[in-house]
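Open the model in your viewer and keep the selection tool ready. We will go from stop to stop, and at each one I will tell you what to pick and what is there.

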Amino acid sequence: MEKKIVGAILCLVLLAFPLWAGQGENMDTIRTSDGDLQISFIGHGSLMFAYDGKIIHVDPWSKLADYSKMPKADLILITHEHKDHLDVVAIDQLKKSGTQIVVNRSAVAQLPGTLVMGNGETKVVRGLNIEAIPAYNLVHMRSAGVPFHPQGNGNGYLITFGDTRVLVAGDTENTPELKGLKGVDIVFLPMNLPYTMTPEMVADAALALQPKILYPYHFGETDTARIIELLNGSGIDVRIRAMQ
């Protein structure tokens with residue numbers, strides 16, 4: 001009898017928590033003027049937002065999770081065409097009738113029929129105001145004169161949830177366009193060397209942006225303790241999540 005009760009409880013637990021949980025996923029809840037924003041940290045550059053009955057996925061990558069078991073997307077945002085950011089398998093698993101996919105210009109060849117946003121463009125998509133922010137390298141190069149992420153191609157996305165503005169910066173460094181943004185409440189800044197920013201670059205960008213919350217993300221093996229040290233006393237809430 002006791003074993004049956006334990007088994008029944010276990011079944012209820014499994015029903016309450018989807019099977020994709022526990023694959024690197026953890027979650028924060030942010031209060032906005034129009035209800036809670038739930039942020040799920042899938043890993044690497046992959047995020048999921050739940051807000052106002054909508055599910056928004058950013059750069060889903062099937063290496064990180066079984067997306068067939070995750071909530072279907074109302075909106076998918078693709079920052080650029082590198083395989084760890086544009087995964088057609090994961091996208092196909094997340095699509096449902098009416099899913100809107102937003103891509104940068106170079107990604108549309110792999111995802112025809114999607115909504116293209118160029119650097120600097122602003123659109124309302126699925127009821128959300130979205131700005132495409134330039135994402136590119138200034139310093140880190142694949143070879144002499146060839147940046148890992150060239151200017152004019154990749155996007156970061158500045159998304160407005162009620163009164164809360166969230167920037168997912170994409171694969172970028174601390175560019176003038178990034179540092180010139182105003183009124184950003186929450187920012188995701190990449191720290192994956194040698195492809196994006198050093199902790200010092202992230203600190204420079206964060207101090208210019210002055211967000212309430214900074215999430216370093218897509219940080220590979222970079223020491224996250226360093227960014228905490230650099231921003232100590234800044235008033236910025238630095239939150240480290242499982243985003244390697």
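Select Gln 210 to begin: Gln 210 is partly exposed, with a relative accessible area of 44%, where buried means under 20% relative accessible area, exposed over 50%, and partly exposed in between (1.4 Å probe, protein chains only). This is a predicted model, in which local features need pLDDT of at least 70 and side-chain atom pairs count only at pLDDT 80 or more, while totals for chains, interfaces and linings use all residues. Residues are numbered from 1 along each chain as its sequence is written, and side-chain values use heavy atoms, with hydrogens and water left out.

Gln 210 sits in the loop between α4 and β15; helices (H or I, at least four residues) and strands (E, at least two) are DSSP runs, numbered from the N terminus. Look at the backbone here: phi of Gln 210 is near 55°, a positive value in a residue other than glycine. Most residues other than glycine have a negative phi, and most peptide bonds are trans.

**Next, helix α4**

**The nonpolar cores**

Of its 51 residues, Phe 49, Leu 167, Phe 188, Leu 189 and Leu 214 touch the most other members. Helix α4 (residues 199-209) gives the most to this core, with six residues.

Pick Leu 214 and display its contacts (heavy atoms within 4.5 Å). Leaving aside neighbours within four places in sequence, Leu 214 meets Val 187, Leu 189, Val 202, Ala 206, Ile 227, Leu 231, Ile 236, Asp 237, Val 238 and Arg 239. A second, separate core has 20 residues, including Ala 65, Ile 101, Ala 107 and Leu 111.

**The loop between β14 and α4**

Move to Pro 194, found in the loop between β14 and α4. Zoom in on the peptide bond from Leu 193 to Pro 194: this bond is cis, with omega near 5°.

Thr 196 lies in the loop between β14 and α4 too. Is Thr 196 buried or exposed? At 0% relative accessibility, Thr 196 counts as buried. Draw a C-alpha to C-alpha distance from Thr 196 to Asn 137: the two are 59 residues apart in sequence and 6.9 Å apart in space. Beyond four places in sequence, the contacts of Thr 196 are Asn 137, His 140, His 149, Asp 171, Thr 172, Glu 173, Pro 190, Met 191 and Met 201.

**The cavity**

Select His 80, Glu 81, His 82, Ala 135, His 149, Pro 150, Asn 153 and Gly 154, which line the largest cavity. On a 1 Å grid over the protein atoms alone, a cavity is a set of points where a 1.4 Å probe fits but cannot get out, and lining residues have an atom within 4 Å of a point. The volume of this cavity is about 40 Å³, taken as the space filled by probe spheres set on the points, with grid points joined across faces, edges and corners.

**Asn 155 in β12**

Go on to Asn 155, in strand β12 (residues 154-161). Asn 155 is buried, with a relative accessible area of 0%. Outside four places in sequence, its contacts include Thr 79, Val 103, Asn 104, Met 117 and Ala 135. Asn 155 and Val 103 are 52 residues apart in sequence, with their C-alpha atoms 8.1 Å apart.

**Last stop: around β2**

Select His 44, in the loop between β2 (35-43) and β3 (46-51). Phi of His 44 is near 55°, a positive value in a residue other than glycine. His 44 is buried, with a relative accessible area of 11%.

Finish on Gln 38, placed in strand β2. Gln 38 is partly exposed, at 31% relative accessible area. Not counting residues up to four places away in sequence, Gln 38 touches Met 27, Asp 28, Thr 29, Met 48, Phe 49 and Ala 50.

Terms used:
1 Å grid on protein atoms, 1.4 Å probe; cavity = no way out; pocket = protein on both sides within 12 Å on 5 of 7 lines; lining within 4 Å. Core = buried A, V, L, I, M, F, W, Y, C linked by side-chain atoms within 4.5 Å.
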